[in-house]
Amino acid sequence: MRLFLDHLYVKAVKERHGFALLECDKALLTKKLYIKTYGCQMNVYDSDRMADVLAPLGYAPTDMVDGADMVILNTCHIREKASEKVFSELGRLRQLKERVADQQGRCMTIAVAGCVAQAEGEEITRRAPWVDIVVGPQTYHRLPELVSQIDPSSRNRIIDTDFPEEVKFDCLPGEHAPRGPAAFLSVQEGCDKFCAFCVVPYTRGSEFSRPAKKVLDEARRLVASGTRELTLLGQNVNAYHGDNGSGGVWSLGRLIRALADIDGLERIRYTTSHPLDMDDELIAAHGNVPQLMPYLHLPIQSGSNHILQEMNRRHTRDIYMAVIDKLRTVRPDIAMSGDFIVGFPGESDQDFADTLALVSKVGYASAYSFKYSPRPGTPAANVEKQVPESVKSERLESLQQLLNAQQFAFNKNTEGKLVDVLVERAGGRVGQMAGRSPYMQAVNFIGEADQIGQIVSCRLSAARQNSMKGEIINMKVAV
Ligand code: 5AD
Ligand code: SF4
C-alpha cells in the first residue's frame, strides 16, 4: 500500500512540475529519513539538500536510525579509513533492515551517497547487495526519481553516478527547513588542481561555480529564515568564478562584497581555499568587509618545497608565506588554520623538519593533520617510495604536539578579550549556551535558550585546548 501511494505521489509531483506539497499529502506520507554524514562540510550541506529533495515525498528527518524508513549514508572517500567506515556501517544496517522486515514487516530503504558512492558504486552493490540506491554527489537531486524506481522484488540495484548535463543546483528545490543561525552555502564544487594524493577531482569532477544571482538568492532565503552567519563552501572555494548575470564573472572577493550588502547577514566565512587562488580582491576583502570573519583555513599540506612539488601543489612555501603576510597586513588579528599530510611518498626527515619549521613560523590557531593514505587512481598511490607506517605515526604525533601547543597558545592569548559570539545552540552543561567567536573558537557561557540566533558580547575568561569559557557582558541586538 505504502509503495503504491509513493508511486502515485511521485507521479503527482512530476505532473505538477514542482515541489509544492499539499498539507493533506504531508499528513498521508510522513516517513522518517535518517542521514548519516561523513567527511567535509560540503557533505553536511549536501545532506541537508537531500532532505530538502525528499521532503515533498513525505520524508521528515529523524535522529533515530531504528525507526527510519530510509537511511542515507553520505560518504567520504578522502582517506582509506573514511571509506572503510562505510562498509562496516553497511554491515550494521543489513541487520537492522532484516530485523525491521521480520519484526515489523517494513521495508527500509538504504542509499549510499557521496564520494564513496561515486568512486565505488559497483563495489558497494557487490559487497552490500542490501543497498537499494547508490547516488553520486552530482546526481542526488534525482533521488525522488530513484526512490520511485525501487522494486523490492527485483535484484537490480539502482546506481546513478553520472556527471550529468543538467546542473544539480538548478534542479534542487528551495531550502525546505531553516538551517539555523550558522549555515553552509555551496558556491563552488569540484577541483581542477589534481594534487597527486587527492581523490576530489575524480569524485566531485571539475570546477564549477554557481551563478552569483543564485548564490545571493539562496543567501537571502537563508537569512530570512534566521541565518546570521554563512560559510561559503567549495572544494576550491576561492577559485570561484561565477557568472555575474551581465556577461562577466565575479571572483570570490566580489561575491563576498555583494553578500555583505544583505541586511541581517552578520558574518561570512569561506572554506576550503588554495593558496594560488588567494587573489588581491579576496585578500582586500579581509581588510574592508567587516562581515568577513578574521579566520582562514588555508591548507599547505607540507612545508617542504620538494614535497610540495611532488604533490603537484604548484606553489612553494614562500608563495604561501607571502599570502599570509598580505593577509596579516590587512587584518593583523586573522586566525590561521591549515591542513597537513605527513608521510607523503618520498618525504625525508629533512622534508618533515621543513614542515615543523613552517608551522612554527606561521603560528596556527587550529589545524588538521593526517597520515598520507594512498588512494586508488591517484598518481601518488603508485609511487614506490612509500613511507613506512611507523614513521608516519611518529611524524604525525610530533606535528600534532606542535599544532596543539599553538592552538592552546592562541586560545590563551585571547583570554580577557571582549568578542562577539553568535549563539548557536545549548551547551553541554545545564544552563550553558554555545557559539563561536569571530576566530572560530567554540565559546561556552552561562546564558538563555532565547539567545540562540543572537550575537552577544562575551568576555573570554578561560582558555581550554579546543574551546573558550566566556561570560556575557551584554546583548548586542542583531539587525
Ligand atoms: N591522504 C591523507 N590526507 C589527505 N587529504 C586529502 N587526500 C589525502 C590523502 N590521500 C587531506 C588534505 C586535504 C584534507 C581535506 O584531507 O590535507 O586538505
Ligand atoms: Fe584535492 Fe584540494 Fe588539491 Fe583539489 S586543491 S586536488 S581538492 S587537495
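Let's start with ligand 1: its surroundings, counting residues with a heavy atom within 4 Å, are Ile78, Arg79, Phe197, Gln301, Asp339, Ile341, Phe370, Lys371, Tyr372, Ser373 and Arg375. Please keep in mind that this is a predicted model, where local features need pLDDT of at least 70, side-chain atom pairs count only at pLDDT 80 or more, and totals for chains, interfaces and linings use all residues. Residues are numbered from 1 along each chain as its sequence is written, chains are lettered from A and ligands numbered from 1 in the order in which they are written, and side-chain values use heavy atoms, with hydrogens and water left out.

So what kind of shell does ligand 1 have, by class? The residues divide into five nonpolar, two polar and four charged. Here Ala, Val, Leu, Ile, Met, Phe, Trp, Tyr, Cys and Pro count as nonpolar, Asp, Glu, Lys and Arg as charged, and the others, Gly among them, as polar.

Now the polar contacts, meaning pairs of N or O atoms within 3.5 Å. The side chain of Asp339 puts an N or O atom 2.6 Å from an oxygen atom of ligand 1.

One more shell residue deserves a look, and that is Gln301. You'll find Gln301 in the loop between strand E14 (295–297) and helix H12 (305–310), and its phi is near 80°, a positive value in a residue other than glycine.

On to ligand 2. Around this one we have Cys191, Lys193, Phe194, Cys195, Phe197, Cys198, Val200, Pro201, Asn236, His274 and Arg313. That shell comes out as seven nonpolar, two polar and two charged residues.

Thr272 sits in the loop between strand E13 (267–271) and helix H11 (280–288).

Stepping back to the whole protein, the assignment, automatic or from a database, gives domain 1 (2–160), domain 2 (175–413) and domain 3 (418–477). Over C-alpha atoms, the centres of domain 1 and domain 2 are 30 Å apart. Between these two, 20 residues of domain 1 are in contact with 25 residues of domain 2, contact being heavy atoms within 4.5 Å.

Finally, confidence: pLDDT, the predictor's score for each residue from 0 to 100, averages 92, and 93% of the residues score at least 70. Do take care with residues 1–28, where pLDDT stays under 50.

Key: A polar contact is a pair of N or O atoms within 3.5 Å; within protein, one must be able to donate a hydrogen and the other to accept it, and residues adjacent in sequence count only if both atoms are side-chain atoms. Helices (H or I, at least four residues) and strands (E, at least two) are DSSP runs, numbered from the N terminus.
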